[in-house]
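Me: I have the sequence and the model open, and I'd like to go through a few places in it with you. Could we start with the open spaces?

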Amino acid sequence: MSLLEINNLSFTYGTGTAFEKKAVNDVSLKIEQGEFIGIIGHTGSGKSTFIQMLNGLIKPTQGQVLLDGTDIWANPKQIRKVRFRVGMVFQYPEYQLFEETVEKDIAFGPQNMGLSKDKIKERVESAARFVDLKPELLKKSPFELSGGEKRRAAIAGVIAMNPDVLILDEPTAGLDPRGRDVLLSQIASYHKSSNNTVLLVSHSMEDISRIADRILVMNKGNMFAFDETKKIFSRGEEIEKIGLQIPQITKIMIKLGKKGYKLPSDIYSVDQAVYEIMKIRNSQVSKKKG
Amino acid sequence: MLKEITLGQYFPGKSFLHKMDPRMKIILLTFYIVFIFLTKNYVSLVIMSVSVLGVLFLSKVSPRLYFKSVKAIIFIVIFTSALNLFYGTGEPLWQWKFLKITESGINTAIFIAVRIISLVLISSVLTYTTSPTDLTDGIERLLKPLSVFHIQVHEIAMMMTIALRFIPTLLEETDKIMNAQKARGADFESGNFMNRIKALIPILVPLFVSAFRRAFDLAMAMESRCYHGGEGRTRMKVLKYTKYDYIALAVLTVIFVGVIICNLYLPATLRSGM
């Protein structure tokens, strides 16, 4: 049984009005425990609506989301329990900070779960460690922190609920390149050490390709592709056609391929590229010698 | 869900009323309201309510929207009419213990209902056919004479424009914050009164913080474009009366004069003072 099973999921805005719009159209897929999934698509491709259906913030107009085999809307009164298991970090999460201290803010989720005081303290501390927030910051007001620290504190607020599935919507938006790299590697190490499922929504193929096991590509509300990272990039040209960026190195490889070099089409990291190019070069050199 | 709230919403269009000058619309609306309450007999009441319907038709805004705005106040209409129904004087037509219905009571009830509904409809026409910026522009121009009394008309109008501009933005923001807190298990729907109030703190604090942030950003943006208040400021779009305004003025003057004549020469249905 898959951790998350999504069957024919659709959502239509403003049914029956002039503004009727199908935001998500008939998406079906399965996500296993411990996977790292990247979700990519344009603004308006339906990815935000899609992820909000996974934790019951939006009720699908059609289809269902099965968490451990049970429909999350089977008992609408228990939807909060689903939200504790499927944690969601929204875009610019620092704007949701409200408590007097960072510690209390991170504790908001665990408190709503009804955990004991000791348990909450433990959760807060380990969540802060995951996002690398120094202990002395915990006693400060969240509004005194720097932008990057605020962002990490807000993410810790969701991690503290210890969700089975962690969904992050553009967590690196608005951060400087260094902050982006640091945050991404923290998310990757959280994924490794907790072995929880992580869904990461991003605009940047470069970011996603580095850490995701599988990638879901959304286009105009439809599931364009859902496959292993490697296989996704072997369809690089198709993906460019729907207007998404592919990693620069993949572009170079495709162009070299067109020039007649025999290169595999599923390369998305510089290391792989170097390896493949060196292989060709060496064979040419040895041919000349021979 | 918060997006569905309509607050004096504007519906773009190209109707006669859309083309009118906001100043003329505001002036005529004021007269409309006065004359709706000046009607003393059924003839003048019919003249006014038929002309209101005419204006609604001219606005080319979907009747559904007008219906919605009336639906919002229907309880007030029923309540006040019912109250007036039993407060008439004269021969009772029907009596049960202390409750009695008289002819004057029936008349007052009908007048009150028609007046309130007309009032709401005609006011909705203004907000439906005038964009918020036009509306505040019009108010600013009309209130300009007040600057003689050192009232800062331009500043007031600018505040109104900004407030109107930010209503949808803040609603959207509220929606986002609510979702984010719900995702952390916040519960807005259950619990007693005190718990529900407490549950609002996680929404209100971030909302205030973001409202202030937006205010600072906006002030900075305005200053960097050299905004310094109303003095010596010229407009890109200068308000001008056109033929539409003169036609509307002429037609409504005829209607208003008609109402006055009816009031003077026909017997009054309502007691004086109502």
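Me: What classes of residue make up the lining of the second largest pocket?
Reply: The lining of the second largest pocket divides into 14 nonpolar, nine polar and 12 charged residues. Here Ala, Val, Leu, Ile, Met, Phe, Trp, Tyr, Cys and Pro count as nonpolar, Asp, Glu, Lys and Arg as charged, and the others, Gly among them, as polar. Please keep in mind that this is a predicted model, in which local features need pLDDT of at least 70 and side-chain atom pairs count only at pLDDT 80 or more, while totals for chains, interfaces and linings use all residues. Residues are numbered from 1 along each chain as its sequence is written, chains are lettered from A and ligands numbered from 1 in the order in which they are written, and side-chain values use heavy atoms, with hydrogens and water left out.

Me: How much space lies in that second largest pocket, and which residues are closest to its centre?
Reply: The second largest pocket holds about 910 Å³ of space. It has 35 lining residues, and those closest to its centre are B:Thr133, B:Asp137, B:Thr161, B:Arg233 and B:Arg235. On a 1 Å grid over the protein atoms alone, a pocket is an open set of points with protein on both sides within 12 Å along at least five of seven lines, a cavity is a set where a 1.4 Å probe fits but cannot get out, and lining residues have an atom within 4 Å of a point.

Me: Which helix gives the most to that pocket lining?
Reply: That is α7(B), with seven residues in the lining of the second largest pocket. In chain B, α1 (16–19), α6 (132–143), α7 and α9 (201–224) each supply at least two. Helices (H or I, at least four residues) and strands (E, at least two) are DSSP runs, numbered from the N terminus.

Me: What lines the largest cavity?
Reply: Its lining includes A:Phe130, A:Ile155, A:Leu168 and A:Tyr190, and by class the lining has nine nonpolar, one polar and no charged residues. In chain A, α5 (147–159), β7 (165–169) and α6 (177–194) each give at least two residues to this lining, with α6(A) giving the most, four residues.

Me: Which residues line the second largest cavity?
Reply: The second largest cavity is lined by B:Ile36, B:Thr39, B:Leu45, B:Met48, B:Ser49, B:Val114, B:Arg115 and B:Ser118. Two or more of these lining residues come from each of α3 (42–59) and α5 (103–129) of chain B. About 30 Å³ of space lies in this second largest cavity, and its lining has four nonpolar, three polar and one charged residue.

Me: New topic: how many salt bridges are there over all chains?
Reply: There are 19 salt bridges over all chains, each being a side-chain nitrogen of Lys or Arg within 4 Å of a carboxyl oxygen of Asp or Glu. One of them joins A:Lys139 and A:Glu103 (2.8 Å, N to O). This pair links distant parts of the chain, 36 residues apart, with A:Lys139 in the loop between α4 (117–130) and α5 of chain A and A:Glu103 in helix α3 (residues 102–113) of chain A.

Me: What about A:Asp207, which side chain does it meet in a salt bridge?
Reply: A:Asp207 meets A:Arg180 in a salt bridge (3.7 Å, N to O). Here too distant parts of the chain are linked, 27 residues apart, from helix α7 (residues 205–211) of chain A, which holds A:Asp207, to helix α6 of chain A, which holds A:Arg180. Salt bridges that share partners join A:Arg180, A:Asp181, A:Asp207 and A:Arg210 into one network.

Me: Is A:Asp207 buried or exposed?
Reply: A:Asp207 is buried because its relative accessible area is 2%, whereas A:Arg180 is partly exposed at 31%. Buried means under 20% relative accessible area, exposed over 50%, and partly exposed in between (1.4 Å probe, protein chains only).

Me: How many residues of helix α1 of chain A are buried?
Reply: Seven of the eight residues of α1 (residues 47–54) of chain A are buried, which leaves the helix mostly covered. Among the buried ones are A:Phe50, A:Ile51 and A:Leu54. Just after α1(A), A:Gly56 takes a positive phi of about 75°.

Methods:
Grid points are joined across faces, edges and corners, and a volume is the space filled by probe spheres set on the points.
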